[in-house]
Amino acid sequence: MFNEDVNVLVTGAGTVGLSMAVFLARQGMRPLVVERRAGLSNHPRALGVSLRGLEPLRAAGLEPAIHTTPRRPPPTGRVTVSTLAEVAALGPPETAESGFFGLEAAAEEISPVTGGDRAQHQLDPVLFEAAVSQGATVRFGVEVCAIEPDEQGVTAIVLDHATGERGRIRAGYLVAADGAHSRIRSWADITTTGPGPLGGHMINILFRADLGSLLANRPGGLYDIRNPRASGPLFSVDGQDRYAFHIPYDPANGQSPADFPPERCLELVEAAIGQAGVAVEILSVLPWQSTALVADRFSTGRVFLIGDAAHVLPPTGGFGLNTGIADAENLAWKLAAVHRGQAGPALLGTYDVERRPLALFTMEQVLLRSINRRLHWDFSKVAERSELGIAEILVAQVGHHYGAGAVIAPRTDLPSLTEVVLDGSPGTRAPHVWVRHNGTRVSTLDLVQSQFTVLTGQAGRTWCVAAEAAAGSLDVPVTAQLLHPHHGAVVDENERWLAATKLSPDGALLIRPDGFVAWRADTAPSDPTAALTTALRRILAREEVADTPGTPVRAAQPA
């Protein structure tokens, strides 16, 4: 029996668990991640990362490393064929491709990130390397067998599969990233809400083959295979030679994953390709079922749920992984602030307050898209989607808001289902505008650098003094950036940031470490230092703050 003490224990070294380790390490924590598997998963699972998942990874400095991995080709529409051999006769797509590029152009207006066309298994090595290099510890082959939570922390009983030795890991906090069938969630007696399993059971076959000549006209297509021997969706994973083929199976008829050994999977893939002489290598096989569930609590005591442990979403729209990465970003800075004594314990309660309503909204959106698949795939059906309450994909990804939590006077209603409105309202992700910082082109989001940041206009020099004073009095890192149209460290030549936020030149936004607006001052008050310090105290749940009427933290909402 061995014993170990850590600040934060993360269970699960999938993409979300590793993201949590990276974000904690960047906040100066030294988390321990344990994973019962022997290593990283080689199965793609999610086939891309959206803006909401990419932005935290960019903030963590991982975008260059992500760009070194193979990318999937851009979407070229969905086609139904009996085999892939028929695809060669199809002409290049028109509407689907133009719709995708229109979506891509719209995304570029609201976010600086790129590189989302990577499958999940390509992200994991990048995250693992970053986590370990920044001080996190990741141990494979270590399984959590039980947990013993108390008021001061959580004790995890673990089994090291390599040695057969059992041990106890004592953690100040436990973060469960152990997937859709989370045992931590079960042991913590956290129930779930939602329809549960949807549709049938599927076998996901990952295989390697050279199919370039067959798919040259539509390399990024979703091929709906329909023939007597094999039927199901098939698509490229990496734009090179890896593909995924999803085959349905029916437990009601006695079928199970055991009926799909490598030899059987090889036969099914060959039947889907439909051309003799193509060499195929089966790489892995993964059973799955579309499910929609959200945990009724995202935390209890010192136990927190993130990713699929907190919410299981159907694959339509690709929200599951991205919502999980955003969970980790939201929780990491709060755990670090409380651990360092910079925030009161009540700050941790805002994780559930902020993330669970968003997960419920996202589940509703995914279900609506799943029911109306024709509208989901057709980029032109904006009006029809809106009539059914379906938010456009970018609105659902980054146009949402926190209506309560670690924010002051937040936006409470979604202003549009069709347009992304990021105007500096508290509770929304801060607006993205390209500026020049010390001569280098950066996004205003890049100025945040995972800590509290005040952004102000050319007449806001008093906010720079206020940020320095507040940081000193609260012992919390706070920086300020003055955006000037002509000179200074940050130059916004066309004053696009003021236009986006509708602030006066002496107004300011207080941005949280996760890039969300915490507080807004349309113009500078008589005492910016007092106003900013009071706002930070409230956001950080510092006990010495009295929430009394008339204090200078009430923020006017933008028009």
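Are Glu392 and Arg385 buried or exposed? Both Glu392 and Arg385 are buried, where buried means under 20% relative accessible area, exposed over 50%, and partly exposed in between, with a 1.4 Å probe and protein chains only. This is a predicted model, in which local features need pLDDT of at least 70 and side-chain atom pairs count only at pLDDT 80 or more, while totals for chains, interfaces and linings use all residues. Residues are numbered from 1 along each chain as its sequence is written, and side-chain values use heavy atoms, with hydrogens and water left out.

The structure holds 26 salt bridges, a salt bridge being a side-chain nitrogen of Lys or Arg within 4 Å of a carboxyl oxygen of Asp or Glu. The table gives some of them.

| Salt bridge | Distance, N to O |
|---|---|
| Glu281 and Arg208 | 2.6 Å |
| Arg512 and Glu354 | 2.7 Å |
| Glu392 and Arg385 | 2.9 Å |

The salt bridge of Glu281 and Arg208 links distant parts of the chain, since Glu281 is in strand β12 (residues 281-295) and Arg208 in strand β8 (residues 192-208), 73 residues apart. Helices (H or I, at least four residues) and strands (E, at least two) are DSSP runs, numbered from the N terminus. Glu281 counts as partly exposed because its relative accessibility is 39%, and Arg208, at 26%, also counts as partly exposed.

In the salt bridge of Arg512 and Glu354, Arg512 lies in the loop between β21 (508-511) and β22 (517-521) and Glu354 in helix α9 (residues 346-371), so the pair ties together parts that are 158 residues apart in sequence. Arg512 counts as buried because its relative accessibility is 0%, and Glu354 counts as buried at 2%.
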